[in-house]
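Welcome, and take a moment to look over the chain before reading on. The paragraphs below walk through it one region at a time.

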Amino acid sequence: MGEHPSPGPAVAACAEAERIEELEPEAEERPPAAPEDFDPGNTGYISTCKFRSLLESQSSKLDPHKREVLLALADSHADGQIGYQDFVNLMSNKRSNSFRQAILQGNRRLCSKALLEEKGLNFSQRLIRHVAYETLPREIDRKWYYDSYTCCPPPWFMITVTLLEVAFFLYNGVSLDQFVLQVTHPRYLKNSLVYHPQLRAQAWRYLTYIFMHAGIEHLGLNVVLQLLVGVPLEMVHGATRIALVYVAGVVAGSLAVSVADMTAPVVGSSGGVYALVSAHLANIVMNWSGMKCQFKLLRMAVALICMSMEFGRAVWLRFHPSAYPPCPHPSFVAHLGGVAVGITLGVVILRNYEQRLQDQSLWWIFVAMYTVFVLFAVFWNIFAYTLLDLKLPPPP
């Protein structure tokens, strides 16, 4: 280590990294150049000694957790040099395998003090820490999430979907003058949002059926599970990933009904809810020793009991004498479609925090399986109903 001619380059380097929001595509073509004082040959690499010196000189300006992560990065490189791209990735919270592996190799420094031992946290900090322990199995991921989470944007997807579901239910309840077991009202299926087998050519119904619920008892459990499970998952994994699991479960649910229960309509958001909850529970089981949420066994049992009760209600309703014969009551098969999505696509997404999904081979396998199922269901809906000469209930 040599003395710095002036603090200017070091300060500029730190300030540049702190304000990076996203990298240009060209930045991935080759390593960006490090500051000249630390990389005079413009190779894109900094020696670990000089890197540690830079951190020490700017330690008062860095968040303690961020500094620990960067020091772990320095510890992880046995070859004596750090790619400036790794440094930029860390400071910009970019999802990639390279920097996460570097951090995992140097995690002995990060794990020296558990996040639970932090004192003097305000309410929002305690809430973020709680969410981290509810959803992430590794201490290093929990610390990284706690350090990088800014609540911008907030978990808008699950909240928006929930508010829309409640709003549509209230509107429907007022118009039908019925809130309990709305599905038994003779005019219930006339709503243009419900999936009905005679109207399966109207493609929007495969998705919009989530805004119609069988009754307040149906809506209540779905809303509770969406908020208690979906919102924390969205805070950790982001709206895009959680929306992907939710929507994939919803579409899989309606398509599964169109294949396995061909004469029945579909209502409710259970396909999306069961996809999220199944993925979360499967992730807990697969990382049982690492998950540090309190009373996890009891809470898993309660969640499974609630899901089983809701599924049992749906099965009972499906075979209960219909209020609008010959059309039966809504199907329960959408629940199973959601579970199938949750334990495949959902688990891969929840297990790969801060990693790009396109780098995971298992992700592409499950995407291919889901695509094959969707294509099969589409062709089934086009040809099978005619070939089987199935007698469908008349349109509502």
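Are tyrosine 145 and tyrosine 149 buried or exposed? Tyrosine 145 is buried, and tyrosine 149 is buried too; here buried means under 20% relative accessible area, exposed means over 50%, and partly exposed is in between, using a 1.4 Å probe and protein chains only. Before going further, please keep in mind that this is a predicted model, in which local features need pLDDT of at least 70, side-chain atom pairs count only at pLDDT 80 or more, and totals for chains, interfaces and linings use all residues. Residues are numbered from 1 along each chain as its sequence is written, and side-chain values use heavy atoms, with hydrogens and water left out.

Let us start with the whole chain. Its secondary structure comes to 16 helices and two strands, where helices (H or I, at least four residues) and strands (E, at least two) are DSSP runs numbered from the N terminus. Of the 396 residues in the protein chain, 52% are buried. The chain exposes about 18,900 Å², and carbon and sulfur atoms supply 64% of that area; accessible areas come from the Shrake-Rupley method with a 1.4 Å probe, and for residues only the protein chains shown count as cover. Contacts, meaning heavy atoms within 4.5 Å, tell us about the fold as well: among those between residues at least 6 apart in sequence, 73% join residues at least 24 apart.

Now find helix α8, which covers residues 139-148 and is mostly covered, with 10 of its 10 residues buried. Among them are Arg142, Lys143, Trp144 and Tyr145. What does tyrosine 188 contact, leaving aside its neighbours within four places in sequence? Its partners are Asn172, Leu176, Gln182, Val183, Val194, Met212, His213, Ala214 and Val267.

Aromatic rings deserve a stop of their own. The structure holds 10 aromatic pairs.

Lysine 296 lies over the face of tryptophan 288, at 4.6 Å from the ring centre, and the charged end of arginine 318 sits over the ring of phenylalanine 319, 5.3 Å from its centre. The rule asks for NZ of Lys or CZ of Arg within 6 Å of the ring centre and within 35 degrees of the ring normal.

Arginine 313 is found in helix α14 (residues 296-319). This arginine 313 counts as buried because its relative accessibility is 17%. Not counting residues up to four places away in sequence, arginine 313 touches Ala214, Glu217 and His218. From arginine 313 to phenylalanine 332 is 19 residues in sequence and 8.8 Å in space, C-alpha to C-alpha.

Next come the cysteines. The count of disulfides, each a pair of cysteine sulfur atoms within 2.5 Å, comes to zero. Cysteine 151 is in no disulfide, and the nearest cysteine sulfur, that of cysteine 152, is 7.8 Å away. With 42% relative accessibility, cysteine 151 counts as partly exposed, whereas cysteine 327 is buried at 4% relative accessible area.

Finally, a look at the backbone in some loops. The peptide bond from cysteine 152 to proline 153 is cis, with omega near 5°, and proline 153 lies in the loop between α8 and α9 (156-176). Proline 325 to proline 326 is also a cis bond, with omega near 5°; proline 326 has its place in the loop between α14 and α15 (333-351). In the loop between α9 and α10 (205-208) sits aspartate 177, whose phi is near 60°, a positive value in a residue other than glycine. Aspartate 177 is exposed, with a relative accessible area of 69%.

Methods
Phe/Tyr/Trp six-rings, centres within 6.5 Å; stacked < 30°, edge-to-face > 60°.
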